[in-house]
Amino acid sequence: MRKLELYFGPQHLGMVGNFSITLNVEGDRIIKAKANPGYLHRGFEKLMEYRTWIQNFPLVCRINVVEPDHMEMIYAMAVEKLAGIEVPERAQYIRTIYLELARIASHLFGLWAYANMLGLDTVAQWAMYHRDLILDLFEELTGARVYHIYIWPGGVRRDFPPGFKEKIIKTLHSIGSCVPDYNDIFFHNKLFYQRAADIGKLNREQVTAMGGVGQVMRATGMKYDIRKIEPYGAYDKVEWNVPVRENGDAYSRIMVVRDEMIESVHMIFKLLDKMPGGKTYTRTPNPFKWNIPAGETYVRCESSRGELGLYMVSDGKDKPYRVHFRTPSYSHGLTILEKVLQNESIADVGNIMISLYVVAPEIDR
Amino acid sequence: MNHSMKNQLLSLFTEIQIDIKKDNEMIINAAKNAIIGILSFCKSKGYEHLALVSCVDWIEQKKFELVYILSPYPEQEPEFSKKEKTNIILKTRIDREQPEIVSVINIFKNAEPYEREIHELFGINFNGHPRLTPLFLERTYKIPPFRKNFDTREYVKKVFDEIPFIDKKEASK
């Protein structure tokens with residue numbers, strides 16, 4: 001059969017985000033796939049070398065459009081570690097609740113993308129609506145809907161407003177009451193199951209060899225979660241489980257995402273119950289005169305896509321010397337995607353890519 | 001675990017300097033030709049996850065520093081609520097005038113895009129890498145853009161004649 005080279009994205013309907021793949025196809029089968037990132041390269045890591053420690057916050061949260069909160073957290077963690085700042089316990093709880101809300105919002109956004117791509121538009125609209133309810137909470141807490149800059153070196157910018165706890169509980173109950181509807185229309189829907197089961201299959205050896213993290217790894221039965229391995233925030237203060245699946249295909253990955261959302265809701269309720277009083281902020285020096293001692297550090301946290309790391313070097317001045325983000329989509333989108341797409345059909349490219357949870361801005365930075 | 005590994009590494013390799021921090025993070029400084037050996041040793045000891053390959057431009061010392069960050073995958077049930085770090089940061093310095101180092105993709109497959117990125121942004125050559133093609137950038141630059149002697153403002157001025165806002169602000173002073 002005739003062999004063709006096919007450009008998939010960035011304007012293709014099945015492509016979500018600024019990313020393209022060059023496919024070598026024979027008929028409907030893909031022989032070879034080449035990922036082309038770089039449509040959204042803004043050079044943030046270089047720009048950050050020109051800005052002071054605090055000025056960098058508006059940049060870090062724009063690295064990943066879908067979940068800016070984990071980016072703030074990782075940057076704040078690195079600054080705190082280099083400067084030796086302690087975070088009050090109440091701030092740790094607030095951070096953890098805030099990050100879990102962000103995880104649910106990000107997963108709902110991912111659900112929107114997935115359902116939208118498969119043509120199940122009703123689910124997509126529901127997910128977007130429920131994400132909006134969480135954005136309303138963020139708006140009340142931080143004053144912004146998407147880029148909040150709420151986590152700060154030394155704590156969080158302000159305490160919960162009065163009555164906020166009840167609002168979180170009410171919102172999460174209203175989202176949680178829709179889980180059976182989501183199950184009926186999407187997760188247990190035969191149409192969806194037939195599209196996603198046995199697609200983009202990966203076993204544990206392949207995932208570990210290619211540096212997969214997050215859902216991609218947990219869908220193969222491995223309990224790899226930074227929140228458990230290297231607890232930060234208040235994740236070690238409450239009991240919770242790491243959801244896993246065994247099959248390693250697209251369906252398992254999306255089911256892990258569903259279980260994670262439910263687990264996050266339970267975790268937020270437990271954290272709200274145990275929340276201590278006290279300060280939410282440790283005073284840091286004047287940001288214009290803040291020199292951080294020389295040194296380097298690697299910190300990591302679990303974003304909604306997997307292990308998010310930050311390697312940061314300080315040379316003792318008021319600006320970082322070098323910043324390098326280890327984003328989960330990097331290995332998922334560049335190494336694993338190229339491997340998984342081999343021998344799949346063209347119709348499943350978008351399906352596989354979204355089930356791997358690839359977000360292009362995170363790759364390009 | 002890290003302390004026994006430290007002794008083994010010190011007995012196996014010369015020109016190596018190991019530092020274990022308070023929270024159990026291990027920092028290894030090694031010579032350029034030893035990294036393949038150290039990485040395969042660490043991999044055989046369970047450090048199978050290469051989290052990141054990074055590069056730092058130490059322009060005053062005329063060196064590039066390559067950084068490899070490794071961590072282990074946990075057993076089936078990880079030891080929960082352990083506050084210790086389990087990372088290894090392996091660093092090696094290479095000459096800035098002759099930026100060449102051997103590629104590690106035969107040991108860690110996911111190093112491929114990282115090395116491509118460093119080749120593009122820092123101009124370092126990775127011997128044995130099959131695909132050192134551009135990854136992010138649209139055009140080519142005389143100085144690779146992430147080196148410290150690449151001044152972004154100077155570049156913008158040369159290409160676009162002015163820097164919006166900043167030029168106006170400085171003229172009004």
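Me: Let's begin with sheets. In what order do the strands S6, S7 and S8 of chain A lie in their sheet?

Reply: The general idea is that strands of a sheet pair through backbone hydrogen bonds, either parallel or antiparallel. Here 3 strands of chain A form an open sheet in the order S6-S7-S8, and the pairing is antiparallel. S6 (295–303) and S8 (322–326) of chain A stand at the edges, each with a single partner strand, so one side of each has no neighbour in the sheet. From one strand to the next, the twist averages 15°. This is a predicted model, where local features need pLDDT of at least 70, side-chain atom pairs count only at pLDDT 80 or more, and totals for chains, interfaces and linings use all residues. Residues are numbered from 1 along each chain as its sequence is written, while chains are lettered from A and ligands numbered from 1 in the order in which they are written.

Me: And what counts as a strand, a helix or a pair?

Reply: Helices (H or I, at least four residues) and strands (E, at least two) are DSSP runs, numbered from the N terminus. Two strands pair if DSSP finds at least two bridges between them. Angles run from 0 to 180 degrees between N-to-C directions, with axes being lines fitted to C-alpha atoms, for helices over the stretch in contact.

Me: How many bridges hold S6(A) and S7(A) together?

Reply: S6(A) pairs with S7 (residues 306–314) of chain A over 9 bridges, in the antiparallel sense. A hairpin joins S6(A) to S7(A) through 2 residues.

Me: Is S6(A) mostly covered or mostly open?

Reply: Mostly covered: 8 of the 9 residues of S6(A) are buried. A residue is buried if 20 or more other C-beta atoms lie within 10 Å of its own, exposed if 12 or fewer, and partly exposed in between, with C-beta atoms placed from the backbone. Helix H3 (residues 68–83) of chain A lies across S6 and S7 of chain A, running at about 150° to S6(A).

Me: How do I describe two helices that pack?

Reply: Two packed helices are described by the angle between their axes and the distance between the axes. H3(A) packs with helix H4 (residues 89–118) of chain A at an angle of about 145°, their axes 8 Å apart. H3(A) brings A:Asp69, A:His70 and A:Met73 to the contact, and H4(A) brings A:Arg95, A:Tyr98, A:Leu99 and A:Ala102. Contact here is two residues whose C-beta atoms, placed from the backbone, lie within 7 Å. By class, that's 4 nonpolar, 1 polar and 2 charged residues. Ala, Val, Leu, Ile, Met, Phe, Trp, Tyr, Cys and Pro count as nonpolar, Asp, Glu, Lys and Arg as charged, and the others, Gly among them, as polar.

Me: Which residues of H6(A) are buried?

Reply: An α-helix has 3.6 residues a turn, so residues three or four places apart point the same way. In H6 (residues 164–176) of chain A, the buried ones are A:Ile168, A:Leu172 and A:Ile175. Seen down the axis, they fall within an arc of 60° (taken over the directions from the helix axis to the C-beta atoms), so they line one face of the helix. On the other side of H6(A), A:Glu166, A:Lys170, A:His173 and A:Ser174 are exposed. The cover over the buried residues includes H5 (121–142) and H12 (250–274) of chain A.

Me: Where are residues with a positive phi that aren't glycine?

Reply: A:Ile149 sits in the loop between H5 and S4 (151–152) of chain A and is partly exposed, with 17 other C-beta atoms within 10 Å. Another is A:Asp198, with phi of about 60°, in the loop between H8 (190–196) and H9 (204–209) of chain A. A:Asp198 is exposed, with 12 other C-beta atoms within 10 Å.

Me: Last one: how many residues of chain B are in contact with chain A?

Reply: 30 residues of chain B are in contact with 30 residues of chain A. On the chain B side, S3 (49–58), S4 (63–71) and H3 (111–122) each supply at least two residues. The largest share, 6 residues, comes from S3(B). By class, this side of chain B has 17 nonpolar, 7 polar and 6 charged residues.
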